[in-house]
Amino acid sequence: MKKLRAIVLIAVLSGVSGCATTNKDPLEGINRGIYKFNDVADRYAMKPVAKAYKAVAPTPVRTGISNFFSNLGTLTTIVNDLLQLKFAQAFTDAGRFVINSTFGIAGFIDVASMDNVPKHQEDFGQTLGYWGVGSGAYLVLPILGPSTVRDASGLFIDTVTSDPITYLHNTGQIRAHNQVRAVQLLDRRTQLLDATDLVDNASIDPYAFMRDAYLQRRASLIQDGLVPQELLQDEFEPADEDAPAQSDLQPSSSADAVLLQSAAPIEGANETTEVVESATETESLAATTDTTVAVEPAAEINESAEMTPEAIDELPPLLEQADQSIDDAPALESDAAALVAGVDETLLTVEAATPAAQ
């Protein structure tokens, strides 16, 4: 049996090394036939069972089962970490496995993720790609779905060497092996329910969509998050450099608009402002000094008002101008009216204070 496995392994590796072709899907006709078979089997058997399992099993139970199988898969990751000479990552994954297997009750609770221990995913197909072995032709495996010649070979080697579930079969516990394997497939199918619905609704050709997505994801895993440029060609269009910047498209703020409106000139506004400012300063001085001192600036303002009657004569035209321009600058009209009212009150105050001073 061991000799047969060694022969199969040598034959698979030889086939993998010779399958690096430019056309990634030379077996498209066969693959589409298997894809249709998988689609029918999934639609009428696996998907309904997965939906029923999701509806019946509580979320903590489903999460615990997913954590259990993920923890078992960590052993495969550790082996391939060592084969790729990623010793620091292997040490981290080994610690993650120990923590979840002990404190996490055989992996049903992902304690390592709670402690922010990073999680990695490595398999023998990624190891072959890490050492430069081409992916080979794209394959669609019955029930298992998308793969390549290299990844299918890696899946076989991982299953035989580092998958703990296989040990149940090797020890003669065939029934337990089949039951655990069925639960594992059901758990994986349940996790992909939302993804398959998205593919069916968003793509014109689900087969081509699945093929391209799988090849890009595998290339990204092999290069630790990077995707080769050749896999991205004709997939995304570059951004339009001539498009205006976002800041250019934003309208001016309300403060700027008010500032522009306040820049509109109004005749006589400056003179009125100067009169109000002088009256305000006079009132503040009168409040902090005695009555005799307060009368003197008031008298001066009264004399200045009598000496310059033109300023008072210009006030009614200013009100008329404000009424005529109410549609153009409503904010400034209210300000002008307030200024005029302030001047009238100041003049009345000064006139009332002058006889008292005398």
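Colleague: If rings of Phe, Tyr and Trp (its six-membered ring) pair when their centres lie within 6.5 Å, with planes under 30 degrees apart counted as stacked, over 60 as edge-to-face and the rest as tilted, to how many aromatic pairs does the count come?
Modeller: This is a predicted model, in which local features need pLDDT of at least 70 and side-chain atom pairs count only at pLDDT 80 or more, whereas totals for chains, interfaces and linings use all residues. Residues are numbered from 1 along each chain as its sequence is written, and side-chain values use heavy atoms, with hydrogens and water left out. By the ring rule, the number of aromatic pairs comes to six.

Colleague: Is the pair of phenylalanine 68 and phenylalanine 69 stacked or edge-to-face?
Modeller: Phenylalanine 68 is partly exposed at a relative accessible area of 22%, while phenylalanine 69 is buried at 10%, where buried means under 20%, exposed over 50% and partly exposed in between (1.4 Å probe, protein chains only). The ring centres of phenylalanine 68 and phenylalanine 69 are 5.3 Å apart and their planes stand at 70 degrees, so the pair is edge-to-face.

Colleague: How many residues apart in sequence are the parts tied together by phenylalanine 68 and phenylalanine 108?
Modeller: Phenylalanine 68 and phenylalanine 108 form a stacked pair, with 5.0 Å from centre to centre and 20 degrees between the planes. Phenylalanine 68 belongs to helix 3 (residues 59-83), whereas phenylalanine 108 sits in the loop between helix 4 (87-102) and helix 5 (111-114), so the separation of the parts they tie together is 40 residues. Helices here (H or I, at least four residues) and strands (E, at least two) are DSSP runs, numbered from the N terminus.

Colleague: Which aspartate does arginine 211 meet in a salt bridge?
Modeller: With a salt bridge taken as a side-chain nitrogen of Lys or Arg within 4 Å of a carboxyl oxygen of Asp or Glu, the whole structure holds 13 of them. In one of these, the side chain of arginine 211 has an N to O distance of 3.0 Å to aspartate 25. Arginine 211 lies in helix 11 (residues 206-222) and its partner in the loop between helix 1 (2-17) and helix 2 (28-56), so this bridge ties together parts that are 186 residues apart in sequence. Both ends are buried, arginine 211 at 16% and, at 7%, aspartate 25.

Colleague: In which helix do arginine 43 and aspartate 39 both lie?
Modeller: Arginine 43 forms a salt bridge with aspartate 39, the closest N and O atoms being 2.8 Å apart, and aspartate 39 is partly exposed at 24%. The two residues are four places apart, about one turn of the helix, and both lie in helix 2.
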